[in-house]
Amino acid sequence: MTNKEIKALISLLDDEDPGVVAHVHGRIVELGETITPFLEEAWEESLDPDHQKKLEDLIHDLQFEALHRRLKEWKEEGAQDLLKGMWLVNTYQYPDVRMEDVMKIIAELHYEVWVQVKPDMHPYDQVKAMNHVLFKLQHFSANTKNFHAPTNSMLYQVLESKRGNPLTLCVIYMTLAQRMGLPVYGVNLPNLFILTYKSDVVPQFYINAYNRGLILTKNDIDNYILQLNLNPVDIFYEPCAPIDIVRRALRNLSMSYEKLNEAEKATEIEKLLEVLSDTPAQDSEEKNEDETNQDGDGDWEE
């Protein structure tokens, strides 16, 4: 379609016939996200709040469909690029954030870590050096004041604000550690995402990035599982895959929107979860488990 034809199509969103409006809406969605700049231009030129709302809804629909497709492609490509997966989650609420924006901050942090962390250090000392960079020099910390904010699950926003939930802080920590060649991986504990340092050099140990990189032993994990009245299973101790981390980020995000009574957004996130699951019911079951295993004060921790 020519630019003139696209603008004429958009103008029909104001038609008095609901059938015409529905047809136009469907046609615009078929055209895809390339039409977004025309919708944004129409929004800027409009003085009608109702018309602007229609345009906003259309823009969101187009962006959501694009995200749905990109997540599917990411999974089909092997779902190994964790930063890309987390960036895709980020674009649900902030579609203008580019992957390059994320990589730039990661590169800057990597340099700071490279200065402090040396290959010949003992693993514990390497972790302490990582902690020094991230939590003392860079001031990353847990967002305890606004734990349920959706931005806590948005990697770029956490990189900028330096406040996040357990999962996003762990993703940043793990990404930088792995760039230094350290065998640090994510672990799917109930209610709390942590990291593990797993190598042949020292016995496997764990890192709680949400608590400023506190080092934990297997006994600590055993006691934590015992307090939750759960049976110990491998998933609570061993590294998980990037797709598991992105799924958990989406579950966190869905829960955040539910806490804010934004049911439509929570439902959309569930649709994105289905894209990453071989069995769609799996994620809802895991989410129900997370809801059940809460601390006494009602805080939901991921």
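The legends below describe an overview and several close-up views of one predicted model.

Residues are numbered from 1 along each chain as its sequence is written. In this predicted model, local features need pLDDT of at least 70 and side-chain atom pairs count only at pLDDT 80 or more, while totals for chains, interfaces and linings use all residues; side-chain values use heavy atoms, with hydrogens and water left out.

**Figure 1. Overview of the protein, with 13 helices and six strands.** Helices (H or I, at least four residues) and strands (E, at least two) are DSSP runs, numbered from the N terminus. The protein has 302 residues, of which 47% count as buried. Buried means under 20% relative accessible area, exposed over 50%, and partly exposed in between (1.4 Å probe, protein chains only). Contact means heavy atoms within 4.5 Å. Among contacts with a separation of 6 or more, 61% join residues 24 or more positions apart.

**Figure 2. The largest nonpolar core, with 79 residues.** A nonpolar core is a set of buried Ala, Val, Leu, Ile, Met, Phe, Trp, Tyr and Cys residues joined through side-chain atoms within 4.5 Å. The members that touch the most others are L71, M86, M130, L159, Y173, I245 and L250. Helix 9 (residues 166–179) gives the most to this core, nine residues. Apart from neighbours within four places in sequence, I245 contacts L82, M86, L167, V171, M174, F193 and C240. A second, separate core has 15 residues, including L9, I10, V21 and L55.

Figure 3. M154 counts as buried because its relative accessible area is 0%. Not counting residues up to four places away in sequence, M154 touches V89, N90, Q93, Y94, T168, L253 and Y257. M154 and L253 are 99 residues apart along the chain, and their C-alpha atoms are separated by 8.6 Å.

**Figure 4. The packing of helix 6 (residues 99–116) against helix 7 (residues 123–137).** The angle is about 135° and the axes are 9 Å apart, so helix 6 is oblique to helix 7. Axes are lines fitted to C-alpha atoms, for helices over the stretch in contact, and angles run from 0 to 180 degrees between N-to-C directions. Angles under 35 degrees count as roughly parallel, over 145 as roughly antiparallel, 65 to 115 as roughly perpendicular, and the rest as oblique. Helix 6 contributes E112, V113 and Q116 to the contact, and helix 7 contributes A129, M130, H132, V133 and L137.

**Figure 5. The packing of helix 11 (residues 242–259) against helix 12 (residues 263–275).** The axes come within 8 Å and cross at roughly 165°, so the two helices are roughly antiparallel to each other. On helix 11 the contact is made by R247, L250, R251, L253, S254, Y257 and E258. The helix 12 side consists of K265, A266, I269, E270, L272 and L273.

**Figure 6. The cysteines C170 and C240, neither in a disulfide.** A disulfide is a pair of cysteine sulfur atoms within 2.5 Å, and a search of the whole structure finds zero. For C170, the nearest cysteine sulfur is that of C240, 9.5 Å away. C170 counts as buried because its relative accessibility is 0%. C240 also counts as buried, at 16% relative accessibility.
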